[in-house]
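Morning, everyone. Please look at the fold first, then we will turn to the pocket and the surface.

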Amino acid sequence: MPLPFLTADHALDEDGPAAAAAPLPYEDPGRRRRPYRPGPWRVGGAALLLLLASYVLFSAMIIAFAGSVPAAGICVAAAVLVILGAVRLVRTGVWMDEEGLRLTGLLSATTVRWPEVAAIRTVQQPVRWLGLPRSIQGQAVLVERAGGGAPRVAITDHSADFLGRPEAFRMAADAIEGWADRHR
């Protein structure tokens with residue numbers, strides 16, 4: 001016995017033309033989406049940061065019970081900063097919508113509108129390994145602006161999202177290039 005009220009796409013459980021015309025719940029055209037899943041290195045780093053934050057919050061509780069409330073407040077503030085850093089770490093990457101391409105870094109974000117994009121291409125070049133200063137030979141997806149200037153690196157095959165996942169890198173590069181072709 002199907003239980004359509006338990007599924008997110010219960011409109012698709014029904015038969016007929018209404019089910020075929022119903023949009024999927026994740027197909028919101030106005031919402032930014034990432035063309036790939038966060039990689040295990042990125043998720044693992046964020047998990048370690050959240051573990052550190054839990055220890056800092058536990059120490060804040062112990063300090064507060066010991067009677068030093070200002071020191072506990074400092075520990076709570078430090079834990080909040082670590083939690084915000086973990087969330088920002090997971091949110092870094094490439095996000096796309098109908099308006100343009102958003103390149104989100106740990107401390108900054110840049111939005112390039114689709115008409116401003118001259119070309120998106122995959123090239124062989126030295127790339128940074130896991131974002132560290134060490135560079136090795138790899139592939140990168142470059143975004144070239146119509147106004148000129150240096151191309152921006154959108155993703156690399158040795159980043160925290162794609163290290164050890166070459167098929168995921170190829171699929172993400174194809175998705176970014178496809179969106180650019182469709183919306184320019």
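First, a term: on a 1 Å grid over the protein atoms alone, a pocket is an open set of points with protein on both sides within 12 Å along at least five of seven lines, and its lining residues have an atom within 4 Å of a point. This is a predicted model, where local features need pLDDT of at least 70, side-chain atom pairs count only at pLDDT 80 or more, and totals for chains, interfaces and linings use all residues. Residues are numbered from 1 along each chain as its sequence is written, and side-chain values use heavy atoms, without hydrogens or water.

Now the largest pocket. It is lined by 30 residues. Arg42, Thr92, Arg128, Gly131 and Ser159 lie nearest its centre. Several elements give two or more residues to that lining, among them helix H2 (40-66), strand S4 (117-128) and strand S6 (152-156). S6 gives the most, with five. Helices (H or I, at least four residues) and strands (E, at least two) are DSSP runs, numbered from the N terminus.

Next, burial. Buried means under 20% relative accessible area, exposed over 50%, and partly exposed in between, with a 1.4 Å probe and protein chains only. Of the 184 residues, 28% are buried.

Is Leu84 buried or exposed? Leu84 lies in helix H3. Its relative accessible area is 52%, so Leu84 is exposed.

Methods: On a 1 Å grid over the protein atoms alone, a cavity is a set of points where a 1.4 Å probe fits but cannot get out, and a pocket is an open set with protein on both sides within 12 Å along at least five of seven lines; lining residues have an atom within 4 Å of a point.
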